[in-house]
Amino acid sequence: MHSATLEDMRTTLRGPVIGPRDAEYDQARKIYNAMIDKRPAAIVRCADAADVMAAVTFVREHGLELAVRGGGHSGPGLCLVDDGVTIDLSPMRGVRVDPAAKTAQAGGGSQLGDLDHATHAFGLATPTGIISMTGVAGLTLGGGHGYLTRKYGLTADNLISADVVLADGSFVTANATEHPDLFWALRGGGGNFGIATSLTYRLHPVDTVGGGVTVWPVEHTREVLTWYREFLPQAPEDVYGFFTVFVVPPGPPFPEEIHRQKVCGIVWCHTGDPDRLDEALSVVQEPGSPAFHFASPMPYVALQGLFDELIPTGYQWYWRGDFFDHIPDAALDVHLKYGENNPTQLSLMHLYPVDGAAHRVGPDDTAWSYRDAVWSGVFAGVDPDPANAGIIRQWCVGYQEELHPYSMGGSYVNFMGTGEGQERVRATYRDHYDRLARVKRTYDPDNLFHANQNIAPAQE
């Protein structure tokens with residue numbers, strides 16, 4: 001980008017425009033995943049929706065490459081683009097709660113921690129992810145799932161309305177009655193259709209929950225997962241637990257004797273009567289005595305931040321995902337193999353339940369195309385040392401590829417890694433892909449928004 005172009009952009013926008021020669025440039029281009037090292041020609045920190053409209057128009061008229069950053073949590077680094085413009089929504093982080101209507105409106109740069117903090121004050125919440133630094137907008141546009149999904153559905157299922165800046169720089173509100181085709185596509189179709197500057201959610205009564213973790217030695221993976229695959233889908237929807245293989249971190253609540261041990265386990269969230277928490281989780285003895293079990297009532301917002309310090313911003317990450325509707329016996333050995341060969345202390349695998357309330361939404365009601373999935377799996381190689389980037393990627397790819405034959409074929413779009421190819425995008429959207437491509441043709445016919453898991457505009 002010519003320096004004159006950069007200066008022209010600065011005169012157009014209220015928010016700062018940061019270029020490669022600016023002192024804050026290297027800090028501005030940092031994102032959650034330190035494995036990503038992209039160098040935009042400009043990072044535009046938008047102050048408001050008007051700035052977003054002006055930035056999109058400027059990018060389009062100058063034929064520049066474009067990426068959009070909300071929370072900066074994109075694993076493959078799709079929120080940055082080399083030599084182009086990143087529209088950064090991070091200044092737009094306000095959340096407004098209407099406790100009477102039980103709704104919350106979040107700015108496009110908000111993170112889950114912002115939304116949870118604001119809603120928790122009123123004893124309310126909406127389903128989101130499990131890391132509070134995650135961007136609200138990116139999570140929602142991909143579908144979004146977490147501790148409240150079995151009880152209240154996906155994040156996208158609780159989206160009531162979205163303000164969106166389109167590829168031509170115009171501003172629209174999409175909901176059930178205004179631009180309903182766009183609203184359908186936004187709920188799972190990713191960042192393909194515009195920039196969400198504000199999102200409004202339905203809230204539910206959530207205050208104190210039962211949070212907990214149970215772990216067994218990794219060599220018990222077959223037995224625990226055999227029990228879990230039967231128990232969890234039949235459990236009351238107040239009981240949520242994701243299965244994981246990981247290495248025990250050296251700190252509370254874990255006792256010193258299991259620190260740094262490779263384990264399998266379940267992380268729990270119980271939304272029922274806190275006095276019945278122990279009763280609800282008494283089943284953890286069934287697959288064999290755990291090495292450690294902890295469960296306690298806690299504020300929901302505390303559970304949401306449980307992993308923040310364990311895997312903070314700035315580590316090396318490589319992740320992939322797959323959907324599963326069952327866990328066959330052959331898959332048990334794969335989980336055991338990769339659990340036993342976990343290469344670093346922070347690498348992990350999670351199987352997140354996406355059944356319950358998420359199954360009660362019609363298969364064609366939103367762009368999310370896996371209403372028949374029971375688990376959304378993520379395989380994540382994680383380490384702070386760049387020297388380990390190769391081994392964590394190898395572990396992640398190997399784990400996902402060996403389990404893929406037992407999957408449903410596609411992945412949660414927010415768990416897709418780099419270099420997976422267009423066929424994986426199609427597999428993620430299944431029969432919805434062609435409809436999404438038609439919506440794309442209507443709202444972004446020139447594919448301006450293509451720094452994503454891209455859906456190309458349908459041909460006329």
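These legends describe an overview and several close-up views of a predicted model. Local features need pLDDT of at least 70, side-chain atom pairs count only at pLDDT 80 or more, and totals for chains, interfaces and linings use all residues. Residues are numbered from 1 along each chain as its sequence is written, and side-chain values use heavy atoms, with hydrogens and water left out.

**View 1. The fold of the protein chain.** The protein chain holds 14 helices and 18 strands. Both are DSSP runs, numbered from the N terminus: helices are H or I with at least four residues, strands E with at least two. The radius of gyration is 22 Å, close to the 23 Å of the globule rule for 460 residues, so the chain is as compact as a globular protein of that length. That radius is taken over C-alpha atoms, and the rule is 2.2 Å times the number of residues to the power 0.38. The C-alpha trace spans about 65 × 50 × 40 Å along its principal axes.

View 2. Of the 460 residues, 61% are buried. Buried means under 20% relative accessible area, exposed over 50%, and partly exposed in between (1.4 Å probe, protein chains only). Contacts are heavy atoms within 4.5 Å. Among contacts between residues at least 6 apart in sequence, 73% join residues at least 24 apart.

**View 3. The salt bridge between Asp 355 and Arg 150.** The closest N and O atoms of this pair are 2.9 Å apart. The pair links distant parts of the chain, 205 residues apart. Asp 355 sits in the loop between strand E17 (348-353) and strand E18 (375-383). Arg 150 belongs to helix H6 (residues 149-152). Both residues are buried. A salt bridge here is a side-chain nitrogen of Lys or Arg within 4 Å of a carboxyl oxygen of Asp or Glu. The structure holds 21 of them.

**View 4. The salt bridge between Arg 29 and Asp 26.** The two side chains meet at 3.0 Å, N to O. Arg 29 is buried, with a relative accessible area of 14%. Asp 26 is partly exposed, at 42%.

**View 5. The salt bridge between Glu 279 and Arg 276.** These side chains meet at 2.9 Å, N to O. Arg 276 is partly exposed, with a relative accessible area of 46%.

**View 6. A network of salt bridges.** Glu 7, Arg 10 and Asp 22 are linked in this network.
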